[in-house]
Amino acid sequence: MTISLFITCYNDTLFPETGKATVILLERLGHTVEFRAAQTCCGQMHFNTGYVGDALSMMRSTLDVFATAEVICIPSSSCVAMMRDQYPHIAQSTGEPALINAVSRFLPKVFELSELLVDKLGITDVGAFFPHAVTLHPSCHSIRSLHIGNKPQELLKCVRGLTLIELPDARQCCGFGGTFSLKNPEVSAAMLSDKVQCVLETRAEFCTAIDNSCLMHIGGALSRQRTGVRTVHIAEILAATDAGAIQ
Amino acid sequence: MSIRVGEAAEAPEFPTAAKRLIQDSQIRRNVRHATDVIRGKRNRVVAELDDWEQLRASAHAIKEHTLRNLVRYLEQFEAACTNAGGEVHWAQDADEANQTIVGLIQAEKKSEVIKVKTMTSDEIGLNTALEAAGIIPSETDLADLIVQLGRDQPSHIVVPALHRNRAEIRQIFRREMNLPALSDDPEELAAAARAYLREKFLRVDIAISGANFVIAETGTVCVVESEGNGRMCLSLPQVLITLIGIEKIIPRFEDLEVFLQLLPRSATGERMNPYNSIWTGVSPGDGPQRFHVVLLDNGRTQVLADEVGRQTLDCIRCGACLNACPVYQQTGGHAYGSVYAGPIGAILTPQLQSMQHSQTLPYASSLCGACYEVCPAKINIPEVLLHLRSKVVENRDAPVYERVAMKIAALALKNADRLSAAQSVGRIAQKPFERDGVIANLPGFLRGWTAVRDLKPIPKQSFRQWWAERDQSK
Ligand code: SF4
């Protein structure tokens, strides 16, 4: 299967390892991976802050870039949520039939990484090796918008060497919320400190998630507090093998 | 017209108020404890019902249908209520409602009233208006009494004194009821309140209530509560004045079946409220003999006119979204500067005020969706929050730094070349702030971020550069 990657703007810029891991993983599973270099951003940050016009332009260009793609893989549930929850409304609001159609053709092709693996490709054991204690933060978008259920946990449980430790109060938001963390930094920090406390309680070495946005937030505090606990995107765990686990 | 929502127009903006409140360890502890307890109870009793999701869908459908036919149902209610001996008054805004109520009390030649818990009366600032007219209002809901005696503001729509603990309540009662020996034993506190209130129930002859539901078909009004103090107010006095926001209407008596399952479970985690008072007009020789209804608009018809915002009026004021909200859990209700706190407050308060005030409220959310998940009326609160944010931006009311930053980001994301260029600029710009492999001290509006979090610097190679390189070497 040819799988087209949407790497998302902040993964491209800040977390290239996640994109690389996604490529390595999917190729290892025998698929052809393509990256359409014209892609930029799904428009989420602008839309969520109220800048609908800017989000609309980004949506248009995303639809153009992926018009001919067969299957689109996105290692970020918040971007997938933006597309599924908002693209249809944004398209409707323009009243352009062509755009509305483009969205309805686009959406069925979009898969978040764990959806792609478990639902579309039907695998949970991807042959990974990651000999560490790991806890999973189920991001808000993944549970309340994508209704991802236990897919990430199923994938992690099949990773050899990995001990999965349940996160207390797991469904509680980490307090990132995009520009929320800039507009209300104190409240965001208070939410974050609760989350960090829960992560530390697990005594895990790594905190993982299917979203780097939450991990950037949680990881920022774990690093500042010198906890020694690291964050890692699920793609990087799933890509790791005996030959090349991250250390 | 003067549409007011309590003192919201003058209140400090959310980020400012929140910053102060999250440093109040006592309030945070009280709020955290109370919301955890109610949330736990709510989750347990909701899990008992197999048809919870269908009930939510029904509630949403009934409310949406009613709102689309609101004029018809309001007129139907007016006719039925009048027919049953009630008198219906219409109020466009807060001032008109207050004047009507003051006028009704003065016509009875009374100078004291007892009140059943009603958030709507706080919305219109009724107590202040009554006091200005020389009328003494006494709250009889225990939590409302604590708020009133403490000269405080409600911090939760169901549990207004949720931010107070026993020790603080004892202080207030000791001072205001003149009981220096009172302990903080819950039974003793309740007994003190009972003695204090009973004297009023037996003496004061006019009551003011709100309503949970009003039924168009029969002209019936429904109030649910836990203490029985409401029942006292609704049955003992000769005169009853009921203040009702026009969105409280439901078409038929049997619709209560849906709402009376959803409300108590969502609000207090009870299967049923201990007291369900349901009455129609006046019954000769039994209960209040003069019954007035004041139907309040105060900005609601404007909310109704907004396609996306309209669902805000589906709210049955259960407070579940407050208890579920991680932002509310940190700040408590006072940060919202309005009688309506939490997620519902964040969408209702600015809309009632035609987006002229309280514009930071739609941003007082991380969009985690916990509110939508629990809302018994299935209001898509995150959707409304986003809609209101777009209005703030449309009205050019967003801060300048944000508008500039968003413009620059939009330009950088316009195409891949620009994104690559922006990434290169970022790598250079971050240099002065980088230390030991992290960015720990950013200036300006980014300062709040790095105050408690390290930021990972932009790495040397972006994904797209890695891909291009790999492609070439193939
Ligand atoms: S918005 Fe929903 S959850 Fe919140 S108070 Fe209203 S009905 Fe309850």
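Across the interface of chain B and chain A, the rule finds ten salt bridges. A salt bridge here is a side-chain nitrogen of Lys or Arg within 4 Å of a carboxyl oxygen of Asp or Glu. The idea is simple: side chains of opposite charge can pair when their charged atoms come close. Before we go on, keep in mind that this is a predicted model, in which local features need pLDDT of at least 70 and side-chain atom pairs count only at pLDDT 80 or more, while totals for chains, interfaces and linings use all residues. Residues are numbered from 1 along each chain as its sequence is written, chains are lettered from A and ligands numbered from 1 in the order in which they are written, and side-chain values use heavy atoms, with hydrogens and water left out.

Let's stay at the place where the two chains meet. There, 65 residues of chain B are in contact with 62 residues of chain A, where contact means heavy atoms within 4.5 Å. Together the chains bury about 5,200 Å², and carbon and sulfur atoms give 60% of that. Buried area is the accessible area (1.4 Å probe) that two parts lose on being put together, summed over both. On the chain B side, B:Met406, B:Trp449 and B:Phe463 supply 14% of the area buried against chain A, more than any other three residues.

There are also 32 residue pairs in polar contact across this interface, both residues being at pLDDT 80 or more. A polar contact is a pair of N or O atoms within 3.5 Å; within protein, one must be able to donate a hydrogen and the other to accept it, and residues adjacent in sequence count only if both atoms are side-chain atoms. Helix α19 (residues 400–412) of chain B gives the most to the side that touches chain A, with seven residues. (Helices are DSSP runs of H or I, at least four residues, and strands are runs of E, at least two, numbered from the N terminus.) Sort the chain B side by class and you get 36 nonpolar, 13 polar and 16 charged residues. For that sorting, Ala, Val, Leu, Ile, Met, Phe, Trp, Tyr, Cys and Pro count as nonpolar, Asp, Glu, Lys and Arg as charged, and the others, Gly among them, as polar.

Now for some individual pairs. A:Glu27 forms a salt bridge with B:Arg470, with the closest N and O atoms 2.6 Å apart. This pair crosses between chains, running from helix α2 of chain A to helix α22 (residues 463–473) of chain B. A:Glu27 counts as partly exposed, at 28% relative accessibility; on this scale buried means under 20% relative accessible area, exposed over 50%, and partly exposed in between (1.4 Å probe, protein chains only).

Next, look at A:Lys183 and B:Glu402, whose closest N and O atoms are 2.4 Å apart in another salt bridge. A:Lys183 lies in helix α10 (residues 180–183) of chain A and B:Glu402 in helix α19 of chain B, so this pair joins two chains as well. A:Lys183 is buried, with a relative accessible area of 15%, and B:Glu402 is buried too, at 5%. B:Lys407 also forms a salt bridge with A:Asp54, at 3.6 Å between the closest N and O atoms.

What about chain A on its own? Its domain assignment gives domain 1 (2–120) and domain 2 (133–239), bounds that come from an automatic or database domain assignment. Their C-alpha centres lie 22 Å apart, and the contact takes 29 residues from domain 1 and 22 residues from domain 2. These two domains bury about 1,900 Å² between them, 62% of it on carbon and sulfur atoms. The count between them is one salt bridge: A:Lys151 pairs with A:Asp119, the closest N and O atoms being 3.0 Å apart.

Finally, turn to chain B, which is divided into domain 1 (14–301) and domain 2 (400–473). Their centres, taken over C-alpha atoms, are 51 Å apart. Inside chain B, B:Glu64 and B:Arg68 meet in a salt bridge (3.9 Å, N to O). Both lie in helix α3 (residues 52–68), four residues apart, about one turn of the helix. B:Glu64 counts as buried at 16% relative accessibility, whereas B:Arg68 counts as exposed at 55%.
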